Amino acid sequence: MKKMNLFKKCVALACVTSMILTGCGKKADDNNSGATENPAPTESASNEMITITDAKGEVQIPANPKRIVDISGNSDILSILGYSVIGTANSDAYDYTRFPSYLEEVLYGAEILGYSMQDTMDIEGILALEPDLIIISSTHEKMYEQLKEIAPTVMIQLAQTDWKEDVMNVANVMNKTEQAEQWLAQYKETAAKMGEKVKETYGEDTTYLTFLASGGSIFVFDKAGIGSVLYEDMGLARPAGLPEQQDISLPVVTYEGLAAIDADVIFAVGTEEDFAQLKASPIYNSMPAVKNGKVVELPCSPYFNIGYSSIGRSIFVNEVMDLMEKINE
């Protein structure tokens, strides 16, 4: 119950920022992730400083940072851009002491300093790492003055619902827009191809519903998480009755509201306890997709966060066909 109470806080925070907020993620393909191994601690190649513009205004940072601490939740994006981090807050939403499976290799060797959606971090841990650059988000505003005394500190303004904005925001700050655009173009192409493959196999008009079950509440993924991967990136069909996500908050529905969504296939994310509660509901069991056995149950770790990570998304789009095959055997 302690873990569940902790997670409820995560969900509340996740509904206030689309980072997230985002199975069994395998390591990202080198061409997709741009991941690099964390180097042994070294001094910066030079003392050259440059002036960049972040969410706070102009700030001077090293031209070639070598000891980056990122607590903004964008360590995966930094990896895509060719950087390694020595400290991170890209921890698993259900267990802050470990990395989500899809980032284990990307972040191997980095020190976990907290969870990115928390507004405080391990200051002593950051100080001990002797960073030459610290990256935060507006979530950590109250730490800004303290952190900038340790090292040059950059604040990233997180996007509301469009994850691609986060990629470009980080790229703009790090002067790596060309690399970001190349990665996004490749991801877009891959996701579209995988979407066409799913539609060719299971029908152009087949509709998909994705939601998170947590503690009796139902959070529907639309413009965030794995919902946006299916609908926006892969081009799969939204079901009739799906509540539209208006801002960064995930729509919340009752069991009756869930049953009013006319979906052919369901991707449900939750814990074993959440799934047991779902299956005990006559309303849930009355849904056509449930009665037809067209439900994919995904463990909350890593699938709650996977759609909020750029690398996670690149892994998930390649998993969808396998997941569909399991329920159509």
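Is Val-154 buried or exposed in this predicted model? Val-154 is buried, and its relative accessible area is 0%.

View 1. Strand 7 covers residues 153-156 and contains Val-154. With a relative accessible area of 0%, Val-154 falls under the 20% limit and therefore counts as buried. Along the chain, Val-154 and Ala-55 are 99 residues apart, yet 7.8 Å separates their C-alpha atoms.

**View 2. The protein chain as a whole, for orientation.** The protein chain is built with 15 helices and twelve strands. It has 329 residues, of which 56% count as buried. About 14,200 Å² of accessible surface is computed for the protein chain, and carbon and sulfur atoms account for 47% of that surface.

View 3. The model holds eight aromatic pairs by the ring-centre rule. In one of them, the ring centres of Trp-163 and Tyr-187 are 5.2 Å apart and the planes meet at 85°; edge-to-face requires over 60 degrees, so this pair is edge-to-face. Trp-163 belongs to helix 6 (residues 163-174) and Tyr-187 to helix 7 (residues 177-202), so the contact ties together parts that are 24 residues apart in sequence. Trp-163 and Tyr-187 are both buried. Tyr-187 also pairs with Trp-183, here in a stacked arrangement with 5.6 Å between the centres and 0° between the planes. Helix 7 holds both Trp-183 and Tyr-187, which are four residues apart, or about one turn of the helix. Trp-183 is buried, as is Tyr-187.

**View 4. Further ring contacts: an aromatic cluster and a charge over a ring.** Tyr-94, Phe-304 and Tyr-308 are joined by ring pairs into a cluster. Elsewhere in the model, Lys-56 places its charged end over the ring of Tyr-144, at 4.8 Å from the ring centre.

**View 5. Packing of helix 7 with helix 14.** Two packed helices are described by the angle between their axes and the distance between those axes. For helix 7 and helix 14 (residues 310-317), the angle is about 25° and the axes are 9 Å apart. Angles under 35 degrees count as roughly parallel, so helix 7 is roughly parallel to helix 14. Helix 7 and helix 14 cross in a left-handed sense.

**View 6. Packing of helix 7 with helix 15.** Helix 15 spans residues 320-327 and packs with helix 7 at an angle of about 20°, with 10 Å between the axes. Helix 7 and helix 15 are therefore roughly parallel to each other. The crossing of helix 7 and helix 15 is right-handed, whereas that of helix 7 and helix 14 is left-handed.

**View 7. Gly-241 in a loop, with Ile-261.** The loop between helix 8 (225-233) and strand 10 (252-253) contains Gly-241. Gly-241 has a relative accessible area of 54%; the limit for exposed is over 50%, so the residue counts as exposed. From C-alpha to C-alpha, Gly-241 and Ile-261 are 4.5 Å apart in space, although 20 residues apart in sequence.

**View 8. The cis peptide bond between Ser-301 and Pro-302.** Omega is near 20° for the peptide bond that runs from Ser-301 to Pro-302, and this bond is cis. Pro-302 lies in helix 13, which covers residues 300-303.

**View 9. Glu-130, with positive phi.** Glu-130 is not a glycine, yet its phi is positive, near 50°. The residue is located in the loop between helix 4 (123-128) and strand 6 (133-137). Glu-130 has a relative accessibility of 59% and counts as exposed.

**View 10. Asn-175, with positive phi.** Asn-175 lies in the loop between helix 6 and helix 7. Although Asn-175 is not a glycine, its phi is positive, at about 60°. The relative accessible area of Asn-175 is 63%, so the residue is exposed.

Technical notes: Residues are numbered from 1 along each chain as its sequence is written. This is a predicted model: local features need pLDDT of at least 70, side-chain atom pairs count only at pLDDT 80 or more; totals for chains, interfaces and linings use all residues. Side-chain values use heavy atoms; hydrogens and water are left out. Rings of Phe, Tyr and Trp (its six-membered ring) pair if their centres lie within 6.5 Å; planes under 30 degrees apart count as stacked, over 60 as edge-to-face and the rest as tilted. Helices (H or I, at least four residues) and strands (E, at least two) are DSSP runs, numbered from the N terminus. Buried means under 20% relative accessible area, exposed over 50%, partly exposed in between (1.4 Å probe, protein chains only). A charge sits over a ring if NZ of Lys or CZ of Arg is within 6 Å of the ring centre and within 35 degrees of the ring normal. Accessible areas come from the Shrake-Rupley method with a 1.4 Å probe; for residues, only the protein chains shown count as cover. Axes are lines fitted to C-alpha atoms, for helices over the stretch in contact, and angles run from 0 to 180 degrees between N-to-C directions. Angles under 35 degrees count as roughly parallel, over 145 as roughly antiparallel, 65 to 115 as roughly perpendicular and the rest as oblique. A crossing is left-handed if the near helix is turned anticlockwise from the far one by less than a right angle, and right-handed if clockwise.
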